[in-house]
Amino acid sequence: MAIIKINKYIEKANSYKRNLKTTKIIPKNTAEFVKDENAFQNFKVVTNGELSLPLILNSGESVLLDFGDHCVGYLNYALDSYGGLLICDSPVKLKFSFGEFPYEIIKPESEYTGVLGDGWFQREERLAAMMPYCGRLDRRYSFRYLLIERKDNALFPIALTDIFAKCESAVDINSVTTVEIKDELLRKIYDTSLKTLKECEQDVFEDGPKRDRRLWLGDLRLQALTDYKTFKNYDLVKRCLYLLAGYRVESKKVSSCLFPNSPPYIDDMDSWIYIDYCLFYVACLYDYYENCGDKETVADLYEVALEQIEIVSKSLNDNGETEYKPFVDWCPDLDKKLSLLGIYLYNLRLFKEITQLLCKELDWIECKIENISSILLRYYNHDKGLFISESGQVSQHSQIWAVLSGVLPLNESINLINRVELLDTEFTMRTPYMMHYYIEALYKCGLKEKAIDTVKTTWGKMLACGYDCFPEVFNEKNDFESPYNAPELNSACHAWSCTPAYWIKRYLKEE
Ligand code: RAM
C-alpha cells in the first residue's frame with residue numbers, strides 16, 4: 001500500500017502552522033499519596049505544604065511535587081552541591097515519574113499487563129555528572145504530579161535549586177471572553193472543559209497530550225465544535241482539515257489519525273481506518289462553514305468529503321453491510337451496523353447542505369438518503385419502539401444514532417431517546433465521546449433541560465473523582481475501567497471529553 005500526498009493541500013496545512021504559546025509553571029506544594037478506600041482509585045493526595053527551595057535530597061530519598069493544576073510541557077531543573085561539601089565526586093542519578101493522577105505514579109511498571117506500549121509510562125532516569133547542573137527533559141510530559149527519586153548510592157546530599165515546567169499550548173485560556181454561569185457546578189464543568197481543550201490544542205488538535213498525542217478525526221470533530229464557541233482557533237482547524245486531506249491512504253480514505261511530527265504522518269494500512277471517522281470529515285467541513293462562513297475552504301475540500309461519501313456508498317450492500325470497520329464507542333461486543341448506518345445518514349444530510357451551498361447536483365444525495373433510511377427502518381421494531389440488530393442486540397448506541405440520523409418523525413424520536421437510559425442492556429455508552437452524541441440526540445428532540453442535566457451529572461461525577469481535566473473513559477461503577485487493560489495509562493485529559501463547554505455555551509444562549 002502507498003500513501004498519497006497531495007501537495008496543494010499539504011502546502012495550505014503548513015501555511016496555517018503557528019508558534020505555540022509558552023508559560024512557566026512552578027510546582028506549588030510537596031505532597032503525599034495516601035491510601036483511602038473512599039478516594040478515586042483508592043488514593044488521595046495530601047498536601048505537606050508549600051515547596052521551598054533549595055530542597056535537599058540524600059541517596060534513597062524522594063519528593064512528590066504537586067504543580068497545582070494539569071500541565072503540558074517540558075521539565076527544567078537545577079542541582080547543586082550542598083552543606084560543607086564543595087565537590088560532589090560522583091554522578092547523581094534522579095528518576096522522574098510524572099502523573100496526571102496518583103495511580104499513574106503508584107503503579108509499578110513491573111506489574112503492567114496492558115495492551116499499549118509501556119513507553120507511555122511517563123518515567124525516566126537522568127544523570128547529572130557535575131555540579132552545578134542545569135537540565136531539561138526532552139520528552140513533553142502531561143501531568144500534575146511529579147515524583148523525584150534519588151537513585152544513586154553516593155553519601156553526599158544534593159540541593160534542588162530550581163524547578164519549573166515550560167508549558168505549551170496553541171491557545172491562551174485568558175483570551176476567551178468570560179461567560180456568566182450562575183450554577184456553581186456548571187461553572188466548574190465549563191472551566192474544566194476549557195482547560196481540557198486548551199491542553200489538547202498543540203501543533204494539531206491532539207486527542208490527549210499524554211496519549212496518543214496525535215490528531216484523531218473523531219476527536220477533531222468535537223474539539224473543533226467546542227473551539228468555535230471558545231478559542232475560535234480557525235487556523236488550527238484548517239491546518240488539521242488540510243493535513244488530513246493532504247496525506248491519504250491509496251483508497252483515498254482520510255486517515256483516522258495523523259502523527260504531526262513523524263513522517264510519513266499516517267500509516268498506509270487500511271486496517272488502521274475507522275470508516276465512521278472518514279464520514280465525520282463531512283461533519284467537520286459542515287461545522288467549519290456553519291461557524292465561520294468560509295465558503296472558499298469548503299469548496300477547496302469538498303472533493304475530499306465527496307470521496308468519503310462515495311467510498312462508503314460503494315461498499316454498502318443491499319442489506320446495509322460493509323467490509324469496513326467503524327469505531328462508534330469502546331463498548332465490548334457492540335454490534336455496530338445500525339450505528340454506522342445512522343452515522344452515514346447523519347453525514348449524508350450534512351453533505352447535502354454543503355453541496356447545496358456550492359450549488360451542485362443534489363438529486364443523487366436525496367436518493368441515497370431515501371435508500372439508507374429504508375434499510376435502517378427495517379430494523380425498527382414498531383411494537384417495542386426500538387432498533388434491534390439482526391442478532392437481537394439492543395444497544396444504546398443504535399437508538400442514539402437512529403435518532404440523530406433523522407429517520408423517525410419527531411414524536412417517535414422523543415419516545416426513543418427517552419428509552420435510552422432505561423434500557424436493560426449491557427451495551428451502554430462507555431466514552432464521553434459517545435455521551436456527546438447522546439446529548440446531541442436529546443437536544444435534537446428538544447429535550448434541552450435533560451441534555452444539560454446529563455452534562456451536569458456525568459461530567460460532575462468526573463470532577464468529584466478529582467480530575468483536573470476531563471478523561472478519555474469514565475465509568476462511575478469502575479474506577480479502573482480501561483479499553484486497553486491499562487488504567488494507569490488512561491488519558492486523564494482527553495479531547496473528546498471537552499464538549500460540555502460547547503453544550504453549556506449553547507444552552508446559555510438559547511435558554
Ligand atoms: C484512542 C484515542 C482516540 C480515539 C481512538 C478511537 O486511541 O483515545 O481519542 O479517537 O482511540
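**Contacts, cover and cores**

Mentor: Start with Thr431, whose contacts, beyond residues up to four places away in sequence, are Asp329, Trp330, Glu472, Val473 and Trp496. This is a predicted model, in which local features need pLDDT of at least 70, side-chain atom pairs count only at pLDDT 80 or more, and totals for chains, interfaces and linings use all residues. Residues are numbered from 1 along each chain as its sequence is written, and side-chain values use heavy atoms, with hydrogens and water left out.

Trainee: What makes a pair of residues a contact?

Mentor: Contact means heavy atoms within 4.5 Å. Thr431 and Asp329 are also joined by a polar contact between their side chains, at 2.5 Å.

Trainee: What makes that pair a polar contact?

Mentor: The term needs a pair of N or O atoms within 3.5 Å; within protein, one must be able to donate a hydrogen and the other to accept it, and residues adjacent in sequence count only if both atoms are side-chain atoms. The Thr431 and Asp329 side chains are listed at 2.5 Å.

Trainee: Why is Thr431 called buried?

Mentor: Buried means under 20% relative accessible area, exposed over 50%, and partly exposed in between (1.4 Å probe, protein chains only). Thr431 has 3%, so the label is buried. Its place is in the loop between α11 (410-419) and α12 (432-444).

Trainee: Why is Pro409 called partly exposed?

Mentor: Pro409 has a relative accessibility of 43%, and therefore counts as partly exposed. Pro409 is in the loop between α10 (396-405) and α11.

Trainee: Which residues does Ser497 touch, and why does Ser497 count as buried?

Mentor: Its relative accessibility is 0%, so Ser497 is buried. Leaving out residues up to four places away in sequence, Ser497 touches Pro432, Trp459, Met462, Phe470 and Pro471. A polar atom of the Ser497 side chain lies 3.0 Å from the backbone oxygen of Pro471.

Trainee: How do you know that the length of helix α4 agrees with its number of residues?

Mentor: Helices (H or I, at least four residues) and strands (E, at least two) are DSSP runs, numbered from the N terminus. The expected span is 1.5 Å times one less than the number of residues. For the 12 residues of α4 (217-228) that gives 16 Å, and the end C-alpha atoms are 16 Å apart, so the two agree.

Trainee: How many residues of α4 are buried?

Mentor: The count is 12 of 12. One of them is Gln223, at 0% relative accessible area. A polar atom of the Gln223 side chain lies 2.9 Å from the backbone oxygen of Glu206.

Trainee: How many residues are in the largest nonpolar core, and what makes it a core?

Mentor: A nonpolar core is a set of buried Ala, Val, Leu, Ile, Met, Phe, Trp, Tyr and Cys residues joined through side-chain atoms within 4.5 Å. The largest has 135 residues, and those with the most contacts inside it are Tyr281, Phe387, Ile400 and Ile417. Another core of 30 residues lies apart from it, with Leu57, Leu137, Ile158 and Cys167 among them.
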